[in-house]
Structures are given as C-alpha cells and as structure tokens.
Amino acid sequence: MVDPHETPPALLELTTYLLSRVGKDARNRLAELLAADGLRLYHHAALAALADFGPHTQRDLATRLRLDPSDLAKAADQLAAAGWLDRTRDPADRRRLTLTLTPAGATRLAELDALARGVQDTVLAPLTVTERATLHGLLLRLHR
C-alpha cells in the first residue's frame, strides 16, 4: 500500500525544500506553545529585539522585524497591557512612540527563550552536538 504522507523523492533532493519543511515544522511547534499563552511569534521577536538592541520607536521596531506597522502596534498594545514593555511618547513628535522592555518583559522573554530552546532541542534531537554547531554555522552564513 502507498503511504499517502510519503514525500516525493524529487523534493527530498532539494535542500531548499528540506530547509522549508524543517523550518515550518519548528515554527509550528513553537507557535502552538506560544498560542497556549495567547502569544504569537512576533511577540517573542519584539521582546527579543528590545532586549538585544534597546529601546526602539514603534516604527523602527516594525521595520527591524519586517512587520506591518499596524500589526506591531497591536502586538505592542498587548505587550504593554501585560506589563512587558513601556511605551513613551516623543515630546518633539507626539505621534512617535518609543518602546522599552520592562523587567517583567525580560523575565517573560527568558521563559519564551526556554520554550524556543525546547522546540529546538526536539527538532534537532537526531543530530549530535557537533552536527548542531555545524548546521547553526552554515545557516548563519546563509542568513548573512
């Protein structure tokens, strides 16, 4: 009997296809965990960017994360309501909002990072520590 879930061998020969499938699986696993807390991947990304790069205007953070500004505005509303970021208006231009990570946001980010690392460990379980480091290095090169 034919397995209806078997991937066509021609696709398995395409590295880009494999990257896409593995990436999609990892993304979906993390998205499910975040959704259980009412969060999305961009909430995690916003907190991480503020932790790594410091305060941003809302528009600059949207640009950095490649998000539509209106989507980031909704996310910032949610993150601010949870107490994970502060928003302050620029006195020179009241339309500009600066976003800053709060201590509670840093704590929440550490929890989200732990979730992400758990998913990473699950997805990369078939690889040795050395293979994981090699894969990471190669993906960084491709990303840059």
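Trainee: How many bridges join S1 to strand S3?
Mentor: S1 and S3 (residues 93-101) are joined by 2 bridges, and they run antiparallel. Strands are DSSP runs of E with at least two residues; helices are runs of H or I with at least four, and both are numbered from the N terminus. Two strands pair if DSSP finds at least two bridges between them. Note that this is a predicted model: local features need pLDDT of at least 70, side-chain atom pairs count only at pLDDT 80 or more, and totals for chains, interfaces and linings use all residues. Residues are numbered from 1 along each chain as its sequence is written, and side-chain values use heavy atoms, with hydrogens and water left out.

Trainee: And S2 to S3, how many bridges there?
Mentor: 6 bridges, with S2 and S3 running antiparallel. One of the pairs is Leu85 with Leu101 of S3. A hairpin of 2 residues links S2 to S3.

Trainee: What order do the strands take in the open sheet?
Mentor: The order is S1-S3-S2, 3 strands with antiparallel pairing. S1 (56-57) and S2 (85-90) are the edge strands, each with a single partner, so one side of each has no neighbour in the sheet.

Trainee: What does H3 touch when it packs on the sheet?
Mentor: H3 touches S1, S2 and S3, and its direction makes about 85 degrees with that of S3. Contact means heavy atoms within 4.5 Å. Axes are lines fitted to C-alpha atoms, for helices over the stretch in contact, and angles run from 0 to 180 degrees between N-to-C directions.

Trainee: Back to Leu99. Which residue in S3 pairs with His56, by bridge?
Mentor: Leu99 is the bridge partner of His56. Leu99 has 0% relative accessibility, so it counts as buried. The cut-offs are under 20% relative accessible area for buried, over 50% for exposed and partly exposed in between, with a 1.4 Å probe and protein chains only.

Trainee: What does Leu99 touch?
Mentor: Leaving aside residues up to four places away in sequence, its contacts include Leu50, Pro55, Leu61, Ala76 and Leu85.

Trainee: New topic. At what angle do H3 and helix H5 pack?
Mentor: About 75 degrees, with the axes of H3 and H5 (residues 69-81) 10 Å apart. That makes H3 roughly perpendicular to H5. The bands are under 35 degrees for roughly parallel, over 145 for roughly antiparallel, 65 to 115 for roughly perpendicular, and oblique for the rest.

Trainee: Which residues make the contact?
Mentor: H3 supplies Tyr42, His43, Ala46 and Leu47; H5 supplies Leu72, Ala75, Gln78 and Leu79. By class, that contact has 6 nonpolar, 2 polar and no charged residues. Nonpolar covers Ala, Val, Leu, Ile, Met, Phe, Trp, Tyr, Cys and Pro; charged covers Asp, Glu, Lys and Arg; the others, Gly among them, are polar.

Trainee: Does His43 count as buried or exposed?
Mentor: Buried, because its relative accessibility is 1%. His43 lies in H3, residues 41-53. Beyond four places in sequence, His43 touches Gly38, Ala75, Gln78 and Leu79.

Trainee: And Arg66, where is that found?
Mentor: Arg66 is in the loop between H4 (58-65) and H5. Its relative accessible area is 75%, so Arg66 is exposed. Phi of Arg66 is near 60 degrees, a positive value in a residue other than glycine.
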